[in-house]
Amino acid sequence: MHPFPAVDPIPLPAPIWLFKLLHIVTLALHFVAVEMLLGGLLLAVVFSLFRSSPQAHVAARAIARRLTVVMTYVINLGVPPLLFAQVLYGRALYTSSVLIGAYWIAIILILMATYWLLYQFSARLDAGKSAWHIGLGAWLLAGFIARLLSTNMTLMLRPEVWHDMYMSSAAGIYLPTGDPTTEPRWLLMMAGGLFISGLWMIYLAPRSTFTADEQKFLAGVGGKVAAVCGLIYIAAGFWANAVQPEAVKTGLATHPLYHFATFAGFGWVALVAVAVVLGAYAGFGKVAAGWLAWAGALVALLIEITFTVYRDAVRDLTLLSKGYDVWDRVVVTNWSVVGLFLVLFVAGLGVIGWLISVVARAQKVMEGAA
Ligand code: HEM
């Protein structure tokens, strides 16, 4: 019996390569925001513990304030890849989502609680009150959401366990066990959080709204965090790769299309290594410089893109080995709708650019000001 539900008879309205391109781009941006949230929050919690250090306090406040904005990007950049993933992988993704339905739907409530705690965390820091326990609560909830997403994104690749899970309960109350890929995947995202947030601190460091001491603190600690966690990030990446099934490893080595993803994998390792060097330079020299800020930001973006390309190949090859070919769909392109979508997409990017320019021109207030 074929494990996947029957394909929807309605053809796809745009080429598969276009869906995949948009999926990868938007998902990579979602990952940038997710990593800033997961790592930035933990760093802000740690800084908030050092209440006697003025620099640590200002750093905690500066990060916490921005995290409420970062959260909007986590959510808004999560919706597009969810839609594209449902179009491309719906028969697998809907099934796994239903099987863990109670947890999957609970993400909305957990997300709202996380968001609320983030505002509380920031407000308490601004008021000079103890806030670490609130921030830690928000981080635990965000980490749990990440865990549920890793669980679903790996369960969708295991049609062989779906039947037994459904027979155990049709209420979606059990989480799957026994998948060797879930743990390293989740850890990869969590370690990546600290790494990317270290780069984020290097990015923030040269701002004129920080005093010279605060700039040194941000560059020094951020750089060291990026350097050390970059090495852990690479190790987690190798682990996540090592536990992939043989079919995926063979596919990456020989498949005419997915073979190219191996270059993205090598690129990812090389870029993280570059970021580790940048981090060490900023961290040990306590250098807050504009070129370092932009170099770190660019490398971070490229790291998430190469990571997402490789991850996408791992998913396609895993599904292919189980009889699901993502390219095997009837396509009847509706070019007028595709054109309209692309026009609105570019216009949307323009509006975001304008918003950023307004923020950049706004009157600057020192981060440590009461
Ligand atoms: C605190 C909030 C969130 C966190 C910490 C988070 C974290 C993550 C993580 C760790 C993954 C990777 C899972 C893996 O493959 O191992 C992921 C993937 C994903 N997230 Fe988020 N996420 C959050 C919110 C959201 C929201 C609100 C949405 C959508 C509305 C969303 C949509 C997605 C999608 C669609 C994927 C996977 C897409 C794919 O593989 O094609 N996320 N997220």
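This is a predicted model: local features need pLDDT of at least 70, side-chain atom pairs count only at pLDDT 80 or more; totals for chains, interfaces and linings use all residues.
Residues are numbered from 1 along each chain as its sequence is written, and side-chain values use heavy atoms, with hydrogens and water left out. Local features need pLDDT of at least 70 and side-chain atom pairs count only at pLDDT 80 or more, while totals for chains, interfaces and linings use all residues.

Start with the fold. The protein has twelve helices and zero strands. Here helices (H or I, at least four residues) and strands (E, at least two) are DSSP runs, numbered from the N terminus. The radius of gyration, taken over C-alpha atoms, is 22 Å, close to the 21 Å that the globule rule gives for 370 residues, so the protein is as compact as a globular protein of that length. That rule is 2.2 Å times the number of residues to the power 0.38. Along the principal axes, the C-alpha atoms fill a box of roughly 65 × 40 × 40 Å. Of the 370 residues, 48% are buried. Buried means under 20% relative accessible area, exposed over 50%, and partly exposed in between (1.4 Å probe, protein chains only). Among contacts (heavy atoms within 4.5 Å) with a separation of 6 or more, 85% join residues 24 or more positions apart.

Now the ligand. His30 sits in helix α1, residues 16-49. Its NE2 atom is the only protein donor of the ligand's iron atom, at 2.2 Å. Donors are N, O and S atoms within 2.8 Å of the metal (3.2 Å for Na, K and Ca); water is not among the atoms, so sites may look incomplete. There are 24 residues around the ligand, and His23, His30, Ser150, Arg311 and Arg315 come nearest. A residue counts as near if one of its heavy atoms lies within 4 Å. Oxygen atoms of the ligand lie 2.7 Å from a side-chain N or O atom of His23, 2.5 Å from a polar side-chain atom of Arg311 and 2.8 Å from one of Arg315.

Next, Asp316 in helix α11. Asp316 counts as buried because its relative accessibility is 3%. Its side chain makes a polar contact with the side chain of Lys20, at 2.8 Å. Beyond its neighbours within four places in sequence, Asp316 also touches other residues, including Tyr89, Tyr258 and Trp327.

Finish at α10. Its 25 residues, 261-285, should span 36 Å at 1.5 Å a residue, and the end C-alpha atoms are 36 Å apart, which agrees. Just after α10, Lys286 takes a positive phi of about 50°. Lys286 lies in the loop between α10 and α11. Lys286 is partly exposed because its relative accessible area is 45%.

Notes
The expected span of a helix is 1.5 Å times one less than its number of residues. A polar contact is a pair of N or O atoms within 3.5 Å; within protein, one must be able to donate a hydrogen and the other to accept it, and residues adjacent in sequence count only if both atoms are side-chain atoms.
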